[in-house]
2 protein chains.
Amino acid sequence: MSESKPDAGAADRAIVDFRTDPSRYRHWKLSVDGRIATLALDVSEDGGLRPGYELKLNSYDLGVDIELYDAIQRLRFEHPEVGAVVLTSGKERVFCAGANIRMLNQSAHGWKVNFCKFTNETRNAIEEATAESRQAYVCAVNGPCAGGGYELALACDWIAMADDGNTSVSLPEVPLLAVLPGTGGLTRLVDKRRVRRDRADFFCTLEEGIKGKRAVEWGLVDEVVPRTRLDEAVRARAAERAAQTDRPAAGPGIALTPLARTVEGNRIAYRHVTCELSRERGIAEILVRAPADAPPADATGARALGDAFWPLALARELDDLVLHLRTNEDAVGLWVIRTMGSADRVEAYDRFLEAHESDWLVREVRLYLKRTLKRIDVSSRTVFALIEPGSCFAGTLLELALAADRSYMLDGTREDGAAPAAIRLTRLNFGAYPMVNGLTRLASRFLGAPGQVDDLEGRIGRDLDAAAAASAGLVTFTPDDIDWDDEVRVAIEARAAFSPDALTGMEASLRFAGPETLESKIFARLSAWQNWIFQRPNAAGPKGALAVYGTGQRSDFDRRRV
Amino acid sequence: MSESKPDAGAADRAIVDFRTDPSRYRHWKLSVDGRIATLALDVSEDGGLRPGYELKLNSYDLGVDIELYDAIQRLRFEHPEVGAVVLTSGKERVFCAGANIRMLNQSAHGWKVNFCKFTNETRNAIEEATAESRQAYVCAVNGPCAGGGYELALACDWIAMADDGNTSVSLPEVPLLAVLPGTGGLTRLVDKRRVRRDRADFFCTLEEGIKGKRAVEWGLVDEVVPRTRLDEAVRARAAERAAQTDRPAAGPGIALTPLARTVEGNRIAYRHVTCELSRERGIAEILVRAPADAPPADATGARALGDAFWPLALARELDDLVLHLRTNEDAVGLWVIRTMGSADRVEAYDRFLEAHESDWLVREVRLYLKRTLKRIDVSSRTVFALIEPGSCFAGTLLELALAADRSYMLDGTREDGAAPAAIRLTRLNFGAYPMVNGLTRLASRFLGAPGQVDDLEGRIGRDLDAAAAASAGLVTFTPDDIDWDDEVRVAIEARAAFSPDALTGMEASLRFAGPETLESKIFARLSAWQNWIFQRPNAAGPKGALAVYGTGQRSDFDRRRV
């Protein structure tokens with residue numbers, strides 16, 4: 001099975017760094033022209049993140065997507081004036097062939113799944129930028145657009161396609177590779193673009209895809225235009241959107257400077273976040289610190305701070321840590337989160353984020369925090385929150401405890417006599433940070449007692465001690481000092497002993513009660529099927545479709561339906 | 001992997017028959033006392049469907065669930081007077097230990113998945129009986145109630161539990177077996193009973209489960225009562241519900257006589273439905289015939305016909321065929337559905353089902369048709385509908401074409417000069433048969449053009465030829481006589497060449513656009529995760545948790561999170 005892929009060992013142990021910037025891009029060209037930016041995919045064939053494959057035909061691997069993710073982030077923060085982004089190919093004869101097949105074939109199961117999760121999150125970020133940052137993505141399909149390439153187009157608000165003999169859109173994964181489109185393609189087809197299910201069925205079994213008028217008639221793209229007029233047509237769509245944005249007419253933006261991080265042995269340290277790994281126990285102990293200073297006086301002050309503005313710095317650090325742990329520390333199955341510092345200061349920042357929510361930068365910071373918290377929700381790791389004296393689980397930081405699978409709050413004092421732990425709600429707990437299911441963490445938590453959310457709104461700003469937090473349903477367990485160490489230790493040890501796979505499936509099922517959205521359907525429904533298929537011998541076995549792809553051989557499928 | 005389980009071969013090839021009746025039950029005791037029925041689980045240890053395991057502790061296998069399914073059906077049809085059903089254990093010291101572990105361990109992957117699907121459908125049938133047949137299920141938990149046992153309780157409208165030292169509810173799958181509860185337990189916990197996610201997390205990692213007041217406080221059960229008062233308490237709950245039912249106060253009901261079926265070589269024949277298998281091509285050709293006679297004059301006439309009433313006979317035959325094909329013909333991946341006969345007659349029956357919908361029997365027949373159509377939707381088989389001259393895809397039978405992944409409709413006549421094919425809508429296409437996502441097949445189909453459903457309502461009762469059906473979006477392709485044979489043949493051959501696993505994931509993703517319900521979340525989200533976990537070495541490998549269960553050994557898990 002894929003667990004034992006020969007290349008999976010050493011190569012996968014090399015640390016993947018998600019930090020980059022445009023000066024280091026090898027695969028994307030980012031240019032800005034007034035209100036409109038262009039992001040052109042021009043993959044360097046020999047620029048794969050791992051040895052063993054060439055990125056032909058503008059196919060991508062994780063490295064290509066890390067750059068895309070960085071570009072999307074920078075456009076939001078560094079280019080407030082940009083109201084629309086044209087996504088296209090920088091190559092003459094191909095738009096994008098999707099995820100690289102040889103890369104997939106040589107990757108371990110976990111790598112494939114984690115890769116798909118990250119690319120999914122990045123596609124969601126494109127849609128969120130369009131809808132909430134008012135930086136709309138439009139796509140110019142200027143050559144064959146297959147698989148993950150079409151999924152990238154599907155994330156855009158408008159898809160224009162060249163009407164020539166060469167250009168089509170396709171999802172050839174099922175007929176060609178015996179896997180599913182891994183980045184939301186099936187769900188976006190029928191749920192976002194609402195393509196009729198029987199047409200979607202036909203389309204998804206067609207290696208060569210669909211071109212021209214039929215692609216428009218079936219809703220696969222929004223328009224087809226002669227190749228010579230494609231740029232002009234897409235620019236017009238971008239200009240329409242840019243004209244409607246509420247983003248500032250001009251910069252300057254906030255420079256996202258290189259994120260300071262030290263990785264030494266078992267310790268990963270940022271300015272506000274540190275993480276201690278106990279690999280043998282499978283635990284990452286994450287500590288988030290409150291801001292050292294009071295918030296600035298106004299939005300101008302926040303802009304002056306740039307990426308040193310605490311909530312932005314926090315989002316960047318947590319985001320990088322989550323990506324790092326997911327990709328580089330897959331045997332660390334339990335993240336234990338603590339906080340430390342002044343809850344008053346955290347609350348003051350929340351008030352700032354609330355008071356200035358119409359400022360473009362504050363909006364971006366809030367959206368970034370939202371995305372980062374969502375990334376935690378969909379991570380295949382257990383999350384425990386430990387709420388102890390000296391902690392500051394208030395408002396935005398309380399979301400970390402609400403995102404946790406369980407929380408333990410120490411009831412009373414320790415021998416050191418420090419004041420008992422308290423948690424505190426702020427206005428931001430009531431709408432700023434919805435989960436992928438569209439609900440706040442509080443609303444998801446209290447689906448069975450919706451009145452509880454209203455009650456809690458009346459308690460914003462008040463310290464809740466362990467007894468109050470427990471009776472309000474905000475924490476799971478509240479041992480006292482005598483029981484704390486044993487109870488927490490036993491919980492952690494027990495968790496580490498369970499099957500990681502069963503925990504992943506269980507957590508994915510329990511975290512997202514209530515309604516479903518495009519995002520939640522992709523993460524749960526589609527990803528789970530994809531995970532299953534990625535394990536099946538028909539796809540990933542020694543004679544599976546991924547292995548024989550390009551060899552001229554045919555897979556000999558086990559024909560039994562499951 | 002589980003594909004190569006030693007017992008999987010010969011045992012799994014023995015034909016499973018879903019037809020049974022109370023005189024043949026080995027595991028359930030069904031009794032009726034006025035408005036209240038009791039269904040008591042008393043599993044015969046040596047009554048397993050397959051050799052190799054003993055059904056200890058009231059654990060179950062597919063055979064036990066086939067009897068439960070039969071009992072639920074008979075209660076609806078044979079006992080119109082029953083308004084409430086008490087589900088309990090017939091054993092002194094245990095309620096139910098869930099699915100039998102040794103059975104799971106010796107089963108092939110496909111068997112496990114198919115078993116879980118059927119048990120899920122049966123739990124859904126309990127909930128539907130409660131809500132729509134007004135035959136409410138209440139549960140008396142009179143002993144340890146673990147895993148699938150608790151999932152059975154979760155399907156009931158009320159769970160009363162004995163308050164003694166012995167009785168608890170638990171979902172020990174994750175800690176004990178490294179798999180998920182396979183019959184909707186996780187989703188029912190947080191989505192149906194709305195148990196808080198952190199409590200659910202704790203509960204699902206607790207081998208010993210939860211008993212007494214905490215079980216009520218957490219919402220795991222509805223009440224706990226002293227063991228000596230359990231029967232009385234549950235009977236009171238049942239009586240409350242029976243008093244509110246709109247079912248008739250007295251019988252007689254409709255006897256579900258033994259379903260006539262012949263299985264000879266490649267042919268399965270019922271009265272109105274036949275199926276020809278081409279195992280080497282992986283195809284089942286299913287033919288559904290219109291009723292031979294006009295509908296009865298009134299509901300009394302339908303009752304007089306009993307299970308010979310065409311819509312009821314049709315539902316039973318299709319239901320049995322689907323279950324038979326799923327379980328016994330897993331290498332037949334494509335179901336090709338045709339119809340034959342008078343569309344006028346089919347429409348006349350639909351009018352009958354519409355005119356008499358308040359009659360208890362007609363309601364049951366409609367619900368049965370709904371469940372059977374839903375079973376097709378969630379089957380992991382490709383479904384094609386072929387609409388040819390002489391066919392009768394009208395109303396209820398048109399749902400078969402709407403349930404298909406694709407439909408082909410012959411445009412015009414053949415050489416024989418028979419009248420061109422037509423399809424016809426009836427009122428029943430607009431609400432009688434919702435899918436698991438809560439929408440009609442028409443509404444699901446036209447999510448992208450909701451006005452289309454309203455337009456179609458104006459065309460009820462009219463014949464739509466191929467051109468009209470295509471322009472109304474009701475069929476996928478409309479080849480003429482010249483192209484028909486080749487186009488259909490190529491489509492069938494191409495389908496048979498794709499990976500069965502990839503098709504299963506693709507179909508599950510494309511069929512259910514739009515909203516999600518408890519049912520759809522269980523079938524898609526939960527089942528897909530379960531399928532994945534059932535493939536993982538940590539659960540199903542030679543040293544996985546299922547294999548070492550009961551041996552005293554511990555699994556040595558691959559600790560990497562995926």
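Predicted model: local features only at pLDDT ≥ 70, side-chain atom pairs only at ≥ 80, totals over all residues.
Begin by selecting Arg406(A) and Asp201(B): these two residues form a salt bridge, with their closest N and O atoms 2.7 Å apart. Side chains of opposite charge can pair when their charged atoms come close. Between chain B and chain A the count of such salt bridges is 14.

**The interface as a whole**

Next, select the residues of each chain that touch the other. The contact draws 85 residues from chain B and 85 residues from chain A. Within chain B, highlight Arg197(B), Arg525(B) and Arg561(B), which supply 13% of the area that chain B buries against chain A, more than any other three residues. The area buried between the two chains is about 8500 Å², and carbon and sulfur atoms give 56% of that area.

Now display the polar atoms at this boundary. Across the interface of chain B and chain A, 54 residue pairs are in polar contact, counting pairs with both residues at pLDDT 80 or more. Colouring the side of chain B that touches chain A by residue class gives 41 nonpolar, 18 polar and 26 charged residues.

**How the copies are related**

Through which surface do the copies meet? Of the interface residues of chain B, 100% are also interface residues in chain A, so the copies meet through the same surface.

**An aromatic pair across the chains**

The structure holds 28 aromatic pairs over all chains. For one of them, select Phe477(A) and Phe202(B): the ring centres are 4.7 Å apart and the planes stand at 70°, so the pair is edge-to-face. Phe477(A) is in the loop between helix H18 (466–471) and helix H19 (481–497) of chain A, while Phe202(B) belongs to helix H8 (residues 197–203) of chain B, so this pair joins two chains.

**A salt bridge within chain A**

A search of the whole structure gives 126 salt bridges over all chains. Among them, select Arg427(A) and Glu457(A), whose side chains meet at 2.8 Å, N to O. Arg427(A) sits in the loop between strand S18 (423–424) and helix H16 (441–445) of chain A, and Glu457(A) sits in helix H17 (residues 451–457) of chain A, so the pair ties together parts that are 30 residues apart in sequence.

**Backbone details**

Move to Gly251(A) and Pro252(A), which are joined by a cis peptide bond with omega of about 5°. Pro252(A) occupies the loop between helix H10 (230–244) and strand S11 (262–264) of chain A. In chain B, the peptide bond from Gly251(B) to Pro252(B) is cis, with omega near 0°. Pro252(B) is located in the loop between helix H10 (230–244) and strand S9 (262–264) of chain B.

Finish at Asn58(B). What is the phi of Asn58(B)? The value is near 55°, which is positive in a residue other than glycine. Asn58(B) is placed in the loop between strand S2 (36–41) and helix H2 (62–78) of chain B.

Notes. Residues numbered from 1 in each chain as written. Chains lettered and ligands numbered in written order. Heavy atoms only, no water. Contact = heavy atoms within 4.5 Å. Buried area = accessible area lost by both parts, 1.4 Å probe. Salt bridge = Lys/Arg side-chain N within 4 Å of Asp/Glu carboxyl O. Polar contact = N/O pair within 3.5 Å; in protein donor to acceptor, adjacent residues only side chain to side chain. Nonpolar A, V, L, I, M, F, W, Y, C, P; charged D, E, K, R; others polar. Phe/Tyr/Trp six-rings, centres within 6.5 Å; stacked < 30°, edge-to-face > 60°. Helix = DSSP H or I, 4+ residues; strand = E, 2+ residues; numbered from the N terminus.
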